[in-house]
Amino acid sequence: MEDLWRSATGQDPRPEDYNGIEFWSNPERSGWLTKQGDYIKTWRRRWFVLKQGKLLWFKDPSSASSRSSVPRGVVNVANCLTVKGAEDVLHRPSAFELSTPHNTMFFLADSDKDKEDWINSIGRAIVQHSRSLADNEVVDYDNNRNAARDVDADN
């Protein structure tokens, strides 16, 4: 039933989302997390792998063990805005959330230590893989203008 729903809603990840990532070998972090579904808000325990700026999930560790493995989902952490604790939102222990410009995903770790380890690992990956603004791209959000352009115009 879940596979039918996933194919009908286009939730299966595209190969280009994870091509070139050897997720089965030496991940930056891997382990069990329970993830809330995107549309049907049920909780499913999945095996997660963080590698090369991608957070991938699989049904279980054996599903992530070879080159021919296909993840059930992929998030490019470069597109993520925040990762933080979410016990206050979900009213569940060891909860955290990962936010992108389009949605927020919720997870449950097995312990508070696992939650903190995942938050730290994902947070590091977000910083490492997000595009840094160059000095000439600094935007003055208070005045809604490109500050570097205005500095150049004043010179």
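Q: Leaving aside neighbours within four places in sequence, which residues is serine 121 in contact with?
A: Serine 121 is in contact (heavy atoms within 4.5 Å) with Arg29 and Leu50, its neighbours within four places in sequence being left aside. The model is predicted: local features need pLDDT of at least 70, side-chain atom pairs count only at pLDDT 80 or more, and totals for chains, interfaces and linings use all residues. Residues are numbered from 1 along each chain as its sequence is written, and side-chain values use heavy atoms, with hydrogens and water left out.

Q: Is serine 121 buried or exposed?
A: Serine 121 has 10% relative accessibility and therefore counts as buried; buried means under 20% relative accessible area, exposed over 50% and partly exposed in between, with a 1.4 Å probe and protein chains only.

Q: And Arg29, which ring does arginine 29 lie over?
A: Arginine 29 lies over the face of tryptophan 118, at 5.0 Å from the ring centre. The criterion is NZ of Lys or CZ of Arg within 6 Å of the ring centre and within 35 degrees of the ring normal.

Q: Which aromatic cluster includes Trp118?
A: Trp118 forms one aromatic cluster with Phe48, Trp57, Phe96 and Phe107. Rings of Phe, Tyr and Trp (its six-membered ring) pair if their centres lie within 6.5 Å; planes under 30 degrees apart count as stacked, over 60 as edge-to-face and the rest as tilted.

Q: How many aromatic pairs are there in the structure?
A: The structure holds 8 aromatic pairs. One of them is the tilted pair of phenylalanine 48 and tryptophan 57, at 5.6 Å centre to centre and 35° between the planes.

Q: Why is the pair of phenylalanine 48 and phenylalanine 107 edge-to-face?
A: The pair is edge-to-face because the planes stand at 85°, with the ring centres 5.4 Å apart.
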